[in-house]
Amino acid sequence: MKIKRISVYHVDLPLEHPYWLSGGRLKFEVLDATLVKIDTDAGLSGWGEGTPWGHTYVPAHGPGIRAGIKTMAPFVLGLDPRRVLDVERAMDLALPGHLYAKSPIDMACWDIAGQAANLPIADLMGGGSRTPRAIASSVGAKTVEETRAVIDRYRQRGYIAHSVKIGGDVERDIARIRDVEEIRRPGEIVLYDVNRGWTRQQALRVMHATEDLQVMFEQPCETLDDIAAICGKHAAPVSVDESLVTLQDATRITRDGLAEVFGIKLNRVGGLTKAARMRDVALAHGIDMFVMATGGSVLADCEALHLAATIPDANCRAVWACQDMITVDIAGGRGPRNRDGHLHLPEGPGVGVHPNEDALGDPVAVY
Ligand code: MG
């Protein structure tokens with residue numbers, strides 16, 4: 001089987017609410033999504049998606065995905081998409097780095113491989129758990145009262161996992177953490193996501209002030225060096241997501257004991273093929289995982305769900321579904337959707353959901 005055509009679509013996905021990132025980063029209102037369709041000479045077609053969480057969040061650029069695909073396409077055309085490692089090596093050779101540009105091609109190849117084997121991707125990867133995965137909310141509110149109201153709204157939709165965004169003002173962060181812990185229900189999963197918003201000193205101030213609560217902080221500081229520098233000075237469990245980009249990051253984090261949890265963002269790390277290695281490193285060291293699309297439609301959520309299904313239930317904390325935050329649905333309600341705060345693995349072969357092609361407009365490039 002050979003890849004005979006790569007069609008690239010650009011879709012704007014407006015956010016229901018404009019999003020401000022911590023640390024004075026710019027606001028954004030629309031996610032720039034790239035959808036990729038790969039056609040084969042065997043009549044099978046696979047779909048992939050790459051949607052960064054805006055271009056102000058981490059070094060990932062929507063138009064950069066499309067430029068990267070243009071560079072990589074000549075090296076990928078003609079390969080067998082079921083041999084995902086061959087495709088991965090061809091992309092790494094054609095364009096070192098730029099992992100976020102590779103994930104949609106990787107995803108489309110896994111989709112084709114799944115269809116060819118008549119298996120969902122998770123099963124093709126070695127076995128997919130059917131235990132529904134809790135979806136983590138995004139609680140971006142600022143005040144104590146707003147935070148309570150947003151968590152309540154999510155609870156009404158069945159959510160039991162919450163990612164509370166902090167990392168602004170230290171005193172306000174401490175007050176919000178204390179308040180959320182007070183209203184936290186048994187069995188609820190709460191993660192305090194700093195999004196790199198603290199300096200080392202600020203991180204230690206909040207961690208010390210909330211030490212009695214034993215809450216988990218995600219990405220407390222900008223870099224792994226910062227997280228390493230404060231590591232021995234606090235007792236709080238830490239999750240790392242934005243600084244988990246390469247397999248080398250994963251091995252450093254585990255070797256040096258920098259985090260208790262990995263937050264794996266599929267688009268950020270370059271797709272399922274590379275993410276599966278991080279999963280194995282995590283499992284080898286007793287590290288639990290959150291799995292997320294970096295952003296995007298139900299397609300990207302579905303990709304994350306497949307990886308989450310290959311993680312033992314006890315080690316998979318939650319997934320994140322961006323689809324609930326955007327106002328455009330490219331798949332007309334199909335695919336895994338929030339059911340009582342959980343996503344259920346689709347049983348169809350491959351990724352399990354494809355977009356409505358006519359709703360995407362003309363491709364912006366065909367190779
Ligand atoms: Mg995070």
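What is the volume of the largest cavity?

1. **The cavities.** The largest cavity has a volume of about 210 Å³, and the structure holds four cavities of 30 Å³ or more. A cavity here is a set of points, on a 1 Å grid over the protein atoms alone, where a 1.4 Å probe fits but cannot get out; lining residues have an atom within 4 Å of a point. Grid points are joined across faces, edges and corners, and the volume is the space filled by probe spheres set on the points.

2. **Ground rules.** This is a predicted model, in which local features need pLDDT of at least 70 and side-chain atom pairs count only at pLDDT 80 or more, while totals for chains, interfaces and linings use all residues. Residues are numbered from 1 along each chain as its sequence is written, and side-chain values use heavy atoms, with hydrogens and water left out.

3. **The lining.** Around the largest cavity there are 19 lining residues, and Lys165, Asp193, Lys265, Met292 and Trp320 lie nearest its centre. The elements giving two or more residues to this lining are β4 (133-139), β5 (161-165), β6 (189-193) and β10 (288-292). β4 gives the most, with three residues. Strands (E, at least two residues) and helices (H or I, at least four) are DSSP runs, numbered from the N terminus. By class, the lining has nine nonpolar, five polar and five charged residues; Ala, Val, Leu, Ile, Met, Phe, Trp, Tyr, Cys and Pro count as nonpolar, Asp, Glu, Lys and Arg as charged, and the others, Gly among them, as polar.

4. **The open sheet.** Four strands make an open antiparallel sheet in the order β3-β2-β1-β13. Its edge strands, β3 (45-50) and β13 (365-366), each pair on one side only; pairing asks for at least two DSSP bridges between two strands. β1 (residues 3-19) and β2 (residues 28-40) are joined by twelve bridges, and valine 11 has alanine 33 in β2 as its bridge partner. Helix α1 (residues 62-76) packs on the sheet and touches β1, β2 and β3, with its direction at about 15° to that of β2. Helix α3 (residues 99-117) also touches β1, β2 and β3, and its direction makes about 150° with that of β3. Angles run from 0 to 180 degrees between N-to-C directions, and axes are lines fitted to C-alpha atoms, for helices over the stretch in contact.

5. **Two partners for α11.** Helix α9 (residues 247-255) packs against α11 (residues 272-284) at about 10°, with the axes 9 Å apart, so the two are roughly parallel. Helix α2 (residues 84-94) meets α11 at about 105°, with the axes 10 Å apart, and is therefore roughly perpendicular to α11. Roughly parallel means under 35 degrees, and roughly perpendicular means 65 to 115. From α2, Val84, Leu85, Glu88 and Asp92 meet Thr273, Lys274 and Arg277 of α11; this contact has two nonpolar, one polar and four charged residues. Contact means heavy atoms within 4.5 Å.

6. **A loop residue.** Aspartate 41 lies in the loop between β2 and β3. Leaving aside neighbours within four places in sequence, aspartate 41 is in contact with Met1, Lys2 and Lys4.

Methods: Angles under 35 degrees count as roughly parallel, over 145 as roughly antiparallel, 65 to 115 as roughly perpendicular and the rest as oblique. On a 1 Å grid over the protein atoms alone, a cavity is a set of points where a 1.4 Å probe fits but cannot get out, and a pocket is an open set with protein on both sides within 12 Å along at least five of seven lines; lining residues have an atom within 4 Å of a point.
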